[in-house]
Amino acid sequence: MQVVSISSLKGGVGKTSVTLGLASAALAAGIPTLVIDLDPHADASTGLGVRADGKMTIGRMLKYARKADMSQNIVSSAWQAKAISKRSLTRVPVLDVAVGDAYTGIYDRPDLRARDLRRLTQLLARTSGYALVLIDCPPSLNGLTRMAWSASDRVLLVAEPSLFSVAGTERTQRALEMFRNEYAPDLGPIDVVINRVRKESDEHRFRLTEMRSMFGSAVLNPELPEFADWQQIQGAAYSVHQWPGKAAKKTAELFDDLLRNISDAGKMRAR
């Protein structure tokens with residue numbers, strides 16, 4: 001089970017959109033996937049078309065991390081039902097969600113104790129049946145993000161080609177290295193996903209060159225262009241792979257490529 005945190009120090013760079021795009025690619029590839037919505041705004045849960053409906057949200061599960069059973073409290077995404085209804089399948093695709101809500105905010109503090117950083121790790125240690133776990137983190141370096149990093153094998157830093165985002169990504173990368181040295185020595189690659197690219201913009205072209213110079217091989221391909229339909233797609237609780245139109249198809253193909261570059265999709269499917 002590969003656990004990947006999607007993080008950003010700066011809000012508004014499309015972190016949740018990247019999480020949902022990867023979840024969509026995983027669903028299309030038949031990779032059993034769990035999305036954990038750690039952001040108190042719970043936008044990933046909205047985009048995946050889920051509500052807790054009497055089950056424990058991820059915030060409540062974190063509170064009772066020693067006893068809570070994540071497998072009994074996850075919710076199947078609305079995307080999964082749509083995927084099943086659209087085609088005849090020999091294997092039912094799996095895309096489940098640990099539903100987010102504002103309650104997780106009680107852990108989004110800078111002074112979270114070291115033992116509290118293990119709460120998500122404890123929950124995942126008793127969870128099975130997934131090849132991939134995607135954690136949508138809040139846009140901060142407080143307790144929830146560090147809790148996610150503690151539980152992760154890999155971290156993706158989402159950035160857009162702008163001055164403040166580049167500077168924020170560099171600060172986050174330094175903070176992650178310090179965190180790895182102190183709390184998470186087994187944490188694997190720290191990569192950068194460049195999002196909302198407009199190639200016709202001189203500023204974006206300059207920042208793209210700057211980012212590849214600064215972050216080198218940590219920058220993953222492909223770059224993700226600005227996609228105007230994201231808000232409509234997420235508001236309708238659809239995956240990008242299920243949305244009609246050439247632009248959505250092209251964006252879906254880019255997320256397929258990005259997922260392949262994060263890990264070997266064939267190996268994940270075979271587990």
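In the predicted model, a search of the whole structure returns two cavities of 30 Å³ or more. The largest cavity has a volume of about 60 Å³, and the second largest cavity holds about 50 Å³ of space.

The lining of the largest cavity consists of Ser-17, Val-18, Asn-195, Leu-224, Pro-225, Phe-227, Trp-230, Thr-251, Leu-254 and Phe-255. Helices H1 and H10 each supply at least two residues of this lining, and H10 gives the most, with three residues. By class, seven residues around the largest cavity are nonpolar and three are polar, with no charged residues.

Strand E6 (154–159) and helix H7 each provide at least two residues of its lining. The greatest share comes from H7, with four residues. The lining of the second largest cavity divides into three nonpolar residues, six polar residues and one charged residue.

The two helices that contribute to the largest cavity, H1 and H10, also pack against each other. The axes of H1 and H10 (residues 246–262) come within 9 Å and cross at roughly 85°. H1 and H10 are therefore roughly perpendicular to each other. On the H1 side, the contact involves Ser-17, Val-18, Gly-21, Leu-22, Ala-25 and Ala-26, which meet Phe-255, Asp-256, Leu-258, Leu-259 and Ile-262 of H10. Eight residues of the contact of H1 with H10 are nonpolar, two are polar and one is charged. Among the residues of this contact, Ser-17, Val-18 and Phe-255 are also found in the lining of the largest cavity.

H1 (15–29) is likewise involved in the largest pocket, where H1 and helix H9 (230–235) each supply at least two lining residues. About 430 Å³ of space lies in this pocket. Its lining comprises 19 residues, and those nearest the centre of the pocket are Gly-12, Gly-14, Lys-15, Ser-17 and Arg-196. By class, the lining of the largest pocket has five nonpolar, eight polar and six charged residues.

The axes of H7 (residues 163–182) and H8 (residues 202–215) come within 10 Å, with a crossing angle of roughly 15°. This angle makes H7 roughly parallel to H8. The crossing of H7 past H8 is right-handed. H7 contributes Leu-163, Val-166, Thr-169, Glu-170 and Gln-173 to the contact, and H8 contributes Glu-203, Arg-207, Glu-210, Met-211, Met-214 and Phe-215. Five nonpolar, two polar and four charged residues make up the contact of H7 with H8.

Two features of the backbone were noted in loops. A cis peptide bond, with omega of about 0°, joins Asn-221 and Pro-222. Pro-222 is located in the loop between H8 and H9. Ala-42 has a positive phi of about 60° although it is not a glycine. Ala-42 is placed in the loop between strand E2 (33–37) and helix H2 (43–47).

Methods: Residues are numbered from 1 along each chain as its sequence is written. This is a predicted model: local features need pLDDT of at least 70, side-chain atom pairs count only at pLDDT 80 or more; totals for chains, interfaces and linings use all residues. Side-chain values use heavy atoms; hydrogens and water are left out. Axes are lines fitted to C-alpha atoms, for helices over the stretch in contact, and angles run from 0 to 180 degrees between N-to-C directions. Angles under 35 degrees count as roughly parallel, over 145 as roughly antiparallel, 65 to 115 as roughly perpendicular and the rest as oblique. A crossing is left-handed if the near helix is turned anticlockwise from the far one by less than a right angle, and right-handed if clockwise. Contact means heavy atoms within 4.5 Å. Ala, Val, Leu, Ile, Met, Phe, Trp, Tyr, Cys and Pro count as nonpolar, Asp, Glu, Lys and Arg as charged, and the others, Gly among them, as polar. On a 1 Å grid over the protein atoms alone, a cavity is a set of points where a 1.4 Å probe fits but cannot get out, and a pocket is an open set with protein on both sides within 12 Å along at least five of seven lines; lining residues have an atom within 4 Å of a point. Grid points are joined across faces, edges and corners, and a volume is the space filled by probe spheres set on the points.
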